[in-house]
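Subject: Structure for your review

Dear colleague,

Please find the structure below, together with its sequence. My notes on what was found in it follow.

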Amino acid sequence: IAKPQATRKVPRATNNPLPRANDTDTLALEILEKLTYSLGKTTSVARMHDWMDATCLAVRDRIIDHWIASTQKVTKEHSKRVCYLSMEFLIGRLLRDAINNLGLSEPVKQALARYGVDLDLVELLEPDAALGNGGLGRLAACFMESMASTEVPAFGYGIRYVHGFFRQEIADGAQVELPEDWLAHGNPWEFERRETAYEIGFGGKVTMVEEPGRPPRYVWRPAERVLAVAFDTPIVGWRGKHVNTLRLWSAQALDPILLDAFNSGDHIGALLESNRAEAITRVLYPADSHQAGQELRLRQEFFFSSASLQDIVRRHLQTYDSLDNLADKVAIQLNDTHPAVSVAELMRLLVDIHGIEWDKAWEITQATFSYTNHTLLPEALETWPIHLFERLLPRQMQIIYAINADLIRHARLDKGLDDGQISAVSLIDENNGRRVRMGQLAFAGSHAVNGVSALHTELMKETVFRDLHRLYPERIENKTNGVTPRRWLFECNPDLCKLIEEAIGPGFRDNIELLAELDKFADDASFRDKFAAVKLANKQRLAKVVEERLATYVDPKAIFDIQVKRIHEYKRQFLNIIETVALYDQIRSSPHLDWTPRVKVFAGKAAPSYQEAKQIIHLINDVARVINADPAVRNLLKVVFIPNYNVSLAEIIMPAADVSEQISTAGLEASGTGNMKFALNGALTIGTLDGANVEMLEHIGADNIFIFGLTAEEVANARANGHMGQPVIERQPLLRAALESIENGVFSENDPGRYRSLAGSLRDRDWWMIAADFQEYWNTQRRLDELWLDRAKWNTMAVHNTARMGWFSSDRSIGEYARDIWKAGPKSIQAIS
Ligand code: NBX
């Protein structure tokens, strides 16, 4: 009889994660295990993609350990949670973020090296998750990382788009949009939670139900229902201290196949419902400055709002037996008005589903929500035609009317507003064919409303929300944006970090404001030289990318003058390229002068339907083609447009800039965040007094930043006084000549009239004040040229920039939100000063 084999010891059931060592041996083994058992590959047949997946999965296990611990702690302590509702999370790649925040950079690198695999190459294979358009979506991603790093318990709620922001190619100088497909090879970071799914209704009818002895109830019977299924991604904070969840919703049909139709031979019809449902989360709208206006967009907004709120309410009721204390336990932040329908939907859940009395429900709603505004541009403010809203969301429309009635009653009776003021605060715009104003709805339903820079917040009070502000003068406050120093300094500029650490020690990695200690090294010649050497190496890296992608040589010794951001008239890439043309003219007409070599770098996407923005891209490429081919400029000037700007490309570009272009028409850029990333990495800013530039000026000091142009107030006055460009152009020979060459086809010989209307817009109303600001912009650029000749001085200024940008960390922004708006997070964070 065979002796029974000794059984292996099985650990008892436990809530605690498995203990793991962080050494190279352990990691090498774990990566190999993933490769073998999760991917079914041996080292001899594994492709680089398999190594990438295996590495992500091994690192993910480490995150899960911390994730479980974080969740248990928050549950045990009954901590208040922040729910950040955003249509967009522009997260980019996550592997480096995870490895770096877990402190595993070296062991993972070494572990992969054992198999002859280079971590740097592995990292490049991860798709760049582009679930956002630009600054707003990237801010949401920085905030998620900062909330994890500062241990604020948080859920990010958004949409799991199958196709993110489009891929941009340039063909014959023009933008071409191609579909993006980040999920094509699967997504190693996400967990599908099939059990966490909610029904989302659309359309149908509302009926009033009257039962004896009870107040009437409203019952919404939607005509259509789809399922929202949760996909969770863990977001790990600095040093792995805390892990939060990014929960993205994916739409599915309740009945994936209509069997009746299928069995009767209608195979296409059998899939109609699932196609219609899945369409909701298929693609991100690529417009960041015009209202999309389509029904599908409103369906997206309601879909993710309703799913998130149902989830929040359900989770709350798992712990507490009432919703009365909802606002004590959850803070919901609305990232712009895209989730503003949440205000009506939470009211519906509270009143119709959970039987809470209206006034009480309104109190809970207002105490729970807060709203961030990101734009003052009138064409970007969201409104929806009443008939569309009513057809799609009949009960929510009724609720909005009821909220509006209360608001107007209060305004008229308690505050004595007149008819004109009432129509300004009303949730319904009666002047443009009756529309629901989402900004007003978000404002009304929130206890706090914030702008994203000091200037923008003041302008909010004076413009879009002037009358609501008078009605509720305490509600608007400022929360200046920030960027996460982990991604935007530690990960993208490791050599600079090494140098900083040599100078001031490692403390800045845990408290970025300690960068201020670098200030005293600004006058230290040997430090400055090392600082400049790091910059040069970063420029060489970018030059290599330019060479690979554009087959154009750029000299890393020239000034790298960079403008990267969405293409928009108000951001004034046009001003930059006109200045470039003027400089080209000057170099050719005065070749004997001592011109400072410059490389003008542009990148950014235009909304597919934004014709003027697409023309600007075309012009930049046309100008680049002509200048780069002209031997007369002798490499003193190069122009490059790098296609497909995204988060990963930004990580290469930010550390490589000498000059950062932040030149929006004053009053129009709510904050900007690229401005912060550049300056943190030691670029000198040329910019207008707009958005957060104003606060950067205060922190960095006027001696270390190049400010020019009209102020927001001067722009408003000039517009009010009927400013025209033509008289200004007549007085400025440089501008006049540059504009004439553009409109006469010097850069578009095959289509000489291509830029006539673009240039004409300057002669006319000059709405964006390009002609008005040109001369000062030109003069300021020439001051930069001159400064470049005194490299010691330039480098001193660059060091001051890095040293003084610590305040612009998103940890500081999050601390302020936590303290002033959410009343959540550790006491140490709320005590931020
Ligand atoms: O939000 C941007 C502002 O323009 C920046 O000044 C600011 O720094 C940033 C973060 O606060 N706004 C923005 O990126 N908007 C969008 O991307 C957008 C997307 C969809 C949409 C409207 C706007 N429907």
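**The annotated lysine**

Lys677 counts as buried because it has 29 C-beta neighbours inside 10 Å; a residue is called buried if 20 or more other C-beta atoms lie within 10 Å of its own, exposed if 12 or fewer, and partly exposed in between, with C-beta atoms placed from the backbone. Please note that this is a predicted model, in which local features need pLDDT of at least 70 and side-chain atom pairs count only at pLDDT 80 or more, while totals for chains, interfaces and linings use all residues. Residues are numbered from 1 along each chain as its sequence is written.

Lys677 is placed in helix α25 (residues 674-680). Helices (H or I, at least four residues) and strands (E, at least two) are DSSP runs, numbered from the N terminus. In an unreviewed entry, UniProt lists Lys677 under "modified residue: N6-(pyridoxal phosphate)lysine"; UniProt positions are given in the numbering used here, feature names are shortened, and annotations may be inferred rather than shown by experiment. Leaving aside residues up to four places away in sequence, Lys677 touches Val483, Trp488 and Met654, a contact being a pair of residues whose C-beta atoms, placed from the backbone, lie within 7 Å.

**Domains and ligand**

The domain assignment of the protein gives domain 1 (78-93 + 128-481 + 816-830) and domain 2 (555-636 + 647-808); such bounds come from an automatic or database domain assignment. Taken over C-alpha atoms, the centres of domain 1 and domain 2 are separated by 36 Å. In the interface, 32 residues of domain 1 are in contact with 28 residues of domain 2. On the side of domain 1 that touches domain 2, the elements giving two or more residues are β2 (89-92), α6 (135-149), β5 (167-171), β6 (174-178) and α17 (454-462). Of these, α17 gives the most, with 4 residues. By class, this side of domain 1 has 11 nonpolar, 16 polar and 5 charged residues. Here Ala, Val, Leu, Ile, Met, Phe, Trp, Tyr, Cys and Pro count as nonpolar, Asp, Glu, Lys and Arg as charged, and the others, Gly among them, as polar.

The ligand is surrounded by 19 residues, of which Gly135, Leu136, Asp288, Ala670 and Ser671 are the closest; a residue is near a molecule if its C-beta atom, placed from the backbone, lies within 6 Å of it. The shell consists of 6 nonpolar, 11 polar and 2 charged residues.

Helix α11 (residues 342-353) is largely enclosed by the rest of the structure, because 10 of its 12 residues are buried. Among the buried residues of α11 are Glu345 and Arg348. Just after α11, Gly355 takes a positive phi of about 65 degrees.

Helix α23 (residues 611-628) has 18 residues, which should span 26 Å at 1.5 Å a residue; its end C-alpha atoms are 26 Å apart, which agrees. The expected span is 1.5 Å times one less than the number of residues. Buried residues of α23 include His618, Asn621 and Asp622.

Leu441 lies in helix α16 (residues 438-444) and is buried, with 28 other C-beta atoms within 10 Å. Residues up to four places away in sequence not being counted, Leu441 touches Ala340, Val343, Ile400, Leu427 and Val436.

**Backbone points to check**

Most residues other than glycine have a negative phi. Glu151, although not a glycine, has a positive phi of about 60 degrees. Glu151 lies in the loop between α6 and β4 (154-159) and counts as buried, with 22 C-beta neighbours inside 10 Å. Arg572, also a residue other than glycine, has a positive phi near 60 degrees. Arg572 is placed in the loop between β19 (559-564) and α22 (573-589), and is buried, with 26 other C-beta atoms within 10 Å.

With kind regards

Conventions: Two residues are in contact if their C-beta atoms, placed from the backbone, lie within 7 Å.
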